[in-house]
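Work through the exercises below with the sequence and the structure open. Each task is followed by its solution.

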Amino acid sequence: MSTVLVYLFATWGVSVLVSVLLARALRRADAEAGVQEEG
């Protein structure tokens with residue numbers, strides 16, 4: 001049971017990290033393309 005919880009937590013953490021890195025890359029690509037945020 002504890003092994004499953006560690007696996008789930010590790011998988012969740014990796015997915016959060018990948019999401020943050022992807023968001024940064026997309027934000028940087030938008031800035032380089034000259035796209036301005038609406039708001």
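**Exercise 1.** Determine which residues make the nonpolar surface patch of about 600 Å², and decide whether Tyr7 counts as buried or exposed.

Solution. In this predicted model, the patch is made by Met1, Val4, Leu5, Tyr7 and Leu8. Tyr7 is found in helix H1, which covers residues 2–33. The cut-off for exposed is over 50% relative accessible area. Tyr7 has 57% relative accessibility, so Tyr7 counts as exposed.

**Exercise 2.** Compare the span of H1 with the expected value, and state how many of its residues are buried.

Solution. H1 has 32 residues. The distance from its first C-alpha to its last is 47 Å, close to the 46 Å expected at 1.5 Å a residue. Buried means under 20% relative accessible area; the count of such residues in H1 is 0. Just after H1, Gly34 has a positive phi of about 85 degrees.

**Exercise 3.** Find what the chain forms over the residues that UniProt annotates as "transmembrane region".

Solution. The unreviewed UniProt entry places this annotation on residues 6–26. Over residues 6–26 the chain is 100% helix and 0% strand. The end C-alpha atoms of this stretch are 30 Å apart.

**Exercise 4.** Classify the 1 aromatic pair of the structure.

Solution. The ring centres of Phe9 and Trp12 are 5.7 Å apart and the planes are at 35 degrees, so the pair is tilted. Both residues lie in H1, 3 residues apart, about one turn of the helix. An α-helix has 3.6 residues a turn, so residues three or four places apart point the same way. Phe9 is exposed at 59% relative accessible area, and Trp12 is exposed at 52%.

Definitions and conventions. Residues numbered from 1 in each chain as written. Predicted model: local features only at pLDDT ≥ 70, side-chain atom pairs only at ≥ 80, totals over all residues. Heavy atoms only, no water. Patch = residues over 30% accessible without salt bridge, like charges linked within 9 Å, V, L, I, M, F, W, Y side chains within 5 Å. Areas by Shrake-Rupley, 256 points an atom, 1.4 Å probe, with all protein chains shown as cover. Salt bridge = Lys/Arg side-chain N within 4 Å of Asp/Glu carboxyl O. Helix = DSSP H or I, 4+ residues; strand = E, 2+ residues; numbered from the N terminus. Buried < 20%, exposed > 50% of the residue type's maximum accessible area, 1.4 Å probe, protein only. Expected span 1.5 Å × (residues − 1). UniProt positions renumbered as here; feature names shortened; annotations may be inferred. Phe/Tyr/Trp six-rings, centres within 6.5 Å; stacked < 30°, edge-to-face > 60°.
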